[in-house]
Amino acid sequence: MSERTVTFKGMPLALAGNEIKAGDKAPDFGAVANDMSPAGLKDFAGKVLILCSVPSLDTPTCDLETRRFNQEAASLGADIQILTVSMDLPFAQARWCGAAGVTAVKTLSDHRLASFGQNYGVLIRDWRLLARAVFVVGRDGVVAHAQIVPEIANEPDYAAALTAAKALV
């Protein structure tokens, strides 16, 4: 397992887990959906996936990012699914989605096992939160785009992720 760092307002934070790069096979994970059912990569087979990890939906940048991807989802079609994964509890995710009017992005909680964080290399070790990252996975299960945002207070490169996803449809 390799260890890398990101920053939060300049403060370095160690990431746990393996680094995932474009061309790698996307690892499965065990998360929890808003209805408390188990969810993982296999549950979205046949779709192009935009996998976003965020520290918490209840923070300004994560809120902005998830709302932005929700708006973008309207023009992507049914072949592309956007998932946002955080350590927020499923109940909090459901509440946030209802309050924000987010219906096109599915939120998944990694709170139980932290397997998304570990398997995608975005688990912030000392905080047990997820770093801000975006992975695009093709129907073949191969990662086409991977961005771990170096400063987690910043937004990801939306255009790069969306372009990569559209190229796979």
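This is a predicted model: local features need pLDDT of at least 70, side-chain atom pairs count only at pLDDT 80 or more; totals for chains, interfaces and linings use all residues.

Visitor: How many salt bridges does a search of the whole structure find?

Guide: The search finds five salt bridges. One of them joins Asp-58 and Arg-95.

Visitor: Why is the pair of Asp-58 and Arg-95 called a salt bridge?

Guide: The closest N and O atoms of Asp-58 and Arg-95 are 3.0 Å apart. The rule asks for a side-chain nitrogen of Lys or Arg within 4 Å of a carboxyl oxygen of Asp or Glu, so the pair qualifies.

Visitor: Which parts does the pair of Asp-58 and Arg-95 tie together?

Guide: Asp-58 lies in the loop between strand E5 (48-53) and H1, and Arg-95 lies in helix H2, so the pair ties together parts that are 37 residues apart in sequence.

Visitor: What makes Asp-79 and Arg-139 a salt bridge?

Guide: Their side chains meet at 3.4 Å, N to O; this is within 4 Å, so the pair counts. The pair links distant parts of the chain, 60 residues apart. Asp-79 is in the loop between H1 and E6, while Arg-139 is in the loop between strand E10 (133-137) and strand E11 (143-148). Asp-79 has a relative accessible area of 36% and Arg-139 one of 44%; each is partly exposed.

Visitor: How many disulfides does the count give?

Guide: The count comes to zero disulfides. For Cys-62, the nearest cysteine sulfur is that of Cys-52, 10 Å away. A disulfide needs two cysteine sulfur atoms within 2.5 Å, so Cys-62 is in none. The sulfur of Cys-97 has its closest cysteine sulfur in Cys-52 at 12 Å, which is too far for a bond.

Visitor: Are Cys-62 and Cys-97 buried or exposed?

Guide: Buried means under 20% relative accessible area. Cys-62 is at 0% and is therefore buried. Cys-97 is at 9% and is therefore buried.

Visitor: Which residues make the nonpolar surface patch of about 290 Å²?

Guide: The patch is made by Met-36, Leu-89 and Phe-91. Phe-91 is found in helix H2 (residues 90-100). Its relative accessibility is 56%; exposed means over 50%, so Phe-91 counts as exposed.

Visitor: What is the phi of Lys-9?

Guide: Lys-9 has a positive phi of about 50 degrees although it is not a glycine. Lys-9 lies in the loop between strand E1 (4-8) and strand E2 (11-16). At 67% relative accessibility, over the 50% limit, Lys-9 is therefore exposed.

Visitor: Is Ala-114 buried or exposed?

Guide: The relative accessible area of Ala-114 is 4%, under the 20% limit, so the residue is buried. Ala-114 has a positive phi, near 55 degrees, in a residue other than glycine. Its place is in the loop between strand E7 (105-109) and helix H3 (115-120).

Visitor: Why is Gln-81 called buried?

Guide: Gln-81 has 12% relative accessibility; the limit is under 20%, so the residue counts as buried. Gln-81 is placed in strand E6 (residues 80-86). Its side chain reaches the backbone oxygen of Ala-104 at 3.4 Å. Among the residues that Gln-81 touches are Phe-44, Val-48, Ile-50 and Lys-106.

Visitor: What makes Gln-71 exposed?

Guide: Gln-71 has a relative accessible area of 59%, over the 50% limit, so Gln-71 is exposed. Gln-71 lies in helix H1 (residues 60-73). Gln-71 and Val-105 are 34 residues apart in sequence and 9.0 Å apart in space, C-alpha to C-alpha.

Terms used:
Residues are numbered from 1 along each chain as its sequence is written. Side-chain values use heavy atoms; hydrogens and water are left out. Patches are made of residues with over 30% relative accessible area and no salt bridge: like charges are joined within 9 Å, nonpolar side chains (Val, Leu, Ile, Met, Phe, Trp, Tyr) within 5 Å. Accessible areas come from the Shrake-Rupley method with a 1.4 Å probe; for residues, only the protein chains shown count as cover. Helices (H or I, at least four residues) and strands (E, at least two) are DSSP runs, numbered from the N terminus. Buried means under 20% relative accessible area, exposed over 50%, partly exposed in between (1.4 Å probe, protein chains only). A polar contact is a pair of N or O atoms within 3.5 Å; within protein, one must be able to donate a hydrogen and the other to accept it, and residues adjacent in sequence count only if both atoms are side-chain atoms. Contact means heavy atoms within 4.5 Å. Lists of a residue's contacts leave out its neighbours within four places in sequence.
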